[in-house]
Amino acid sequence: MASLAPCFLLSMPQLVDPNFSRTVVLLCKHNEEGALGLVVNRPLVTTGRVTVNLDPPVSTDRELQVWVGGPVEPHRSWVLVGEEPDEHEDLRGMRIADNMYLSTSPDLLRRLLEPSPPLLARLFVGDSGWGPGQLEAELEESAWLMSDVDRDLIFNTPPDKLWETSIRRLGADPASLTMSRGVH
């Protein structure tokens, strides 16, 4: 079985699941055991003091943007890094694509809470997961469009524009898409 990752999964307009309506999912891992991805256009903004359960505990009063990666394992956090780490840093985690890594490193999480966090890093809670054959069945039902990963879209496009921008980048008009075999 050939892996579909990495790619963007762009939800079709008719996808009614509220967890995935108008979403862009970064598909990070795909194999015979299933698939793992992160919704990259669902931000949350926290207000007030944020304390992260690290040892020693870390807190910050600055506004921290947290992203909802999906409905699976909402207690789990991920850090998406959009640049190569310094050669002396061991914070890489799983390589997704060129200059893009997915990490669960407590050290990287700690750095996100510092006054000058890494510029191209996002904290996600939860993820999007599919069991064996589930994503393939959804693709067969035309629930998703697939496109190449674009780091600049993730980090430089406003989240409310990311879905439409990604679909238009394929040369399609979101309003004209219908769920059937193939793109119409």
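This is a predicted model: local features need pLDDT of at least 70, side-chain atom pairs count only at pLDDT 80 or more; totals for chains, interfaces and linings use all residues.
Started with contact range: in the protein chain, residues 24 or more positions apart account for 64% of the contacts with a separation of 6 or more (contact is heavy atoms within 4.5 Å). Residues are numbered from 1 along each chain as its sequence is written, and side-chain values use heavy atoms, with hydrogens and water left out.

Next I looked up the secondary structure. I get four helices and 12 strands; these are DSSP runs numbered from the N terminus, helices being H or I with at least four residues and strands E with at least two. Of the 184 residues, 44% count as buried (buried is under 20% relative accessible area, exposed over 50%, partly exposed in between, with a 1.4 Å probe and protein chains only).

Then the cores. The largest nonpolar core has 26 residues, and Leu26, Leu80, Leu102 and Ile154 touch the most other members. Elements giving two or more residues to this core include strand S8 (72-81), helix H3 (151-156) and helix H4 (159-169). A second, separate core holds 14 residues, among them Leu139 and Trp144. For the record, a nonpolar core is a set of buried Ala, Val, Leu, Ile, Met, Phe, Trp, Tyr and Cys residues joined through side-chain atoms within 4.5 Å.

I find Arg122 in strand S11 (residues 121-130). The Arg122 side chain does reach the backbone oxygen of Ile154 at 2.9 Å. Leaving out residues up to four places away in sequence, Arg122 touches Trp67, Trp78, Leu80 and Ile154, among others.

Last, I went through the salt bridges (a side-chain nitrogen of Lys or Arg within 4 Å of a carboxyl oxygen of Asp or Glu). The structure holds five. Asp98 pairs with Arg95, closest N and O atoms 2.3 Å apart; Asp98 is exposed because its relative accessible area is 58%, while Arg95 at 48% counts as partly exposed. Arg76 and Glu73 meet at 3.9 Å, N to O. Arg168 bridges to Asp173 at 3.4 Å, and Glu164, Arg168 and Asp173 are linked in a network.

Conventions
A polar contact is a pair of N or O atoms within 3.5 Å; within protein, one must be able to donate a hydrogen and the other to accept it, and residues adjacent in sequence count only if both atoms are side-chain atoms.
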